[in-house]
Amino acid sequence: MNPVRVWGNGCYDVFHFGHANFIRQAKLMGDVMIAGVHGDADIMQNKGKPVMDEVERARMISAVRWVDEIEENIPYGNVLKTLDDYNCDFCVHGDDIARDANGNDIYQECKEKNRFRECKRTEGISTTELIDRILLGTDMNFFGPEFTRKGSKIKSRIMPQEYYEQKIKEFTPPNLFPKEGDTILYTQGVFDLMHSGHVDYLEKCKKSGKNGFLIVGILGDEEVNRIYGTYPITNAYERALALLSCRYVDQVIIGVSFYVTEEIITKHKVDYVCHGKVWDCPDDPYAVPKERNIYRVVDSGSDMTTEMIIERIVSHAGMYYVRNTKKSESLFSGQTPSIAPQESVN
């Protein structure tokens, strides 16, 4: 029998674990998962200006462990023709209707031809919600001087713990523990609003050792606030799930200390501790691995940062605020905008 080819197109803008969960669910319906990433012009015409460009979005989605093939610059509509163009059996979308600029269901033809499958939309996370969080992190004064580009003044909302525990089970890769002969590599950080720069860095980390087994430690929300003075946009569970969806990550440890400890190195039999060339630490947390001569600097080759993503949204805050007032899932839904969409801060 021929393998069942599953198609999942999307904007995949400002990546989060909900995108990964959609792809994971779609992959379970067939054998080969093809992710189609919409081009910037199509998104602009049908949904408004994307935060991330199509190259950044495609790079991020290409790293999701359940993606087998990726296609870029995919048109927003005409999905039935796209299925034929890429030899796919059916497409998958969440249990919400995706409409084009004219209000039409872009999957209607696929539904009529029985080439559409539905999956459950992931609760508690969406691009709309992330934009809400960034705007709300300014105490509703997103043109004011109080805003910091590094994070939010407020903690992000948290779903019940059992919800995240179930998702972690679903996302955890099968090879949870290293094998004999693996090089155990460790890196840690905040990894907020996971993006293409993180992917480039994680790939380089994993490939920096023979048979690399990459363990990623993430700082808890309170530890981030203690060190940097702001909370991350995405909470520790959301950041862990985004990392677990990445094909270059083998294991995630939630809630590590800012300082890389002897305990972490010994417990996990770490061969090398990696850190990027971009230094954003108020203090040096790598004294222990440096003393043991197991510290490595890994150059991702990317200049993308979480701060850049926040800056893009804040710089067009009026536009994103007005757009979110029209979305039912937004905390700004139904508000009457008192600012023009083109207003922004410099």
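**Overview**

The chain exposes about 15900 Å². Carbon and sulfur atoms supply 48% of that area. This is a predicted model.

Student: How many helices and strands are there in the chain?
Tutor: Both kinds of element occur in this predicted model. The count is 14 helices and 10 strands.

Student: What share of the residues counts as buried?
Tutor: The chain has 346 residues. The cut-off for buried is under 20% relative accessible area. The share that counts as buried is 55%.

Student: What share of the contacts with a separation of 6 or more comes from residues 24 or more positions apart?
Tutor: Take the contacts in the chain with a separation of 6 or more. Residues 24 or more positions apart account for 75%.

Student: Which strands are at the edges of the open sheet of 5 strands?
Tutor: The order is β3-β2-β1-β4-β5, with parallel pairing. An edge strand pairs on one side only. That gives β3 (69–74) and β5 (116–119).

Student: Which residue in β5 is the bridge partner of Val-92?
Tutor: Strand β4 covers residues 90–94. β4 and β5 pair in the parallel sense over 4 bridges. The bridge partner of Val-92 is Arg-117.

Student: What angle does the direction of α1 make with that of β4?
Tutor: α1 packs on the sheet.

Student: How do α1 and α7 pack: parallel, perpendicular or oblique?
Tutor: Their axes are 11 Å apart, and the angle is about 50 degrees. Roughly parallel needs under 35 degrees, and roughly perpendicular needs 65 to 115. The angle therefore makes α1 oblique to α7.

Student: Which residues in α7 meet α1, and what is the hand of the crossing?
Tutor: α1 brings Phe-17, Ala-20, Asn-21 and Arg-24. In α7 they meet Tyr-163, Tyr-164, Lys-167, Glu-170 and Phe-171. The crossing is left-handed.

Student: Why does Asn-87 count as exposed?
Tutor: Asn-87 lies in the loop between α4 (79–85) and β4. Phi there is positive, about 55 degrees, although Asn-87 is not a glycine. Most residues other than glycine have a negative phi. Asn-87 counts as exposed because its relative accessibility is 56%.

Student: Is Asn-211 buried, exposed or partly exposed?
Tutor: Asn-211 sits in the loop between α8 and β7. Its phi is also positive, near 50 degrees. Relative accessibility is 47%, so Asn-211 counts as partly exposed.

Student: How far apart in space are Lys-210 and Asp-182?
Tutor: Lys-210 is in the loop between α8 (196–206) and β7 (212–219). Lys-210 is exposed, with a relative accessible area of 68%. Beyond its neighbours within four places in sequence, Lys-210 is in contact with Gly-181, Asp-182 and Thr-183. Lys-210 and Asp-182 are 28 residues apart in sequence, yet their C-alpha to C-alpha distance is 6.7 Å.

Conventions
Residues numbered from 1 in each chain as written. Predicted model: local features only at pLDDT ≥ 70, side-chain atom pairs only at ≥ 80, totals over all residues. Heavy atoms only, no water. Helix = DSSP H or I, 4+ residues; strand = E, 2+ residues; numbered from the N terminus. Buried < 20%, exposed > 50% of the residue type's maximum accessible area, 1.4 Å probe, protein only. Contact = heavy atoms within 4.5 Å. Areas by Shrake-Rupley, 256 points an atom, 1.4 Å probe, with all protein chains shown as cover. Pairing = 2+ DSSP bridges. Axes fitted to C-alpha atoms, helices over the stretch in contact; angles between N-to-C directions. Parallel < 35°, antiparallel > 145°, perpendicular 65-115°, else oblique. Left-handed = near helix turned anticlockwise from the far one by under 90°.
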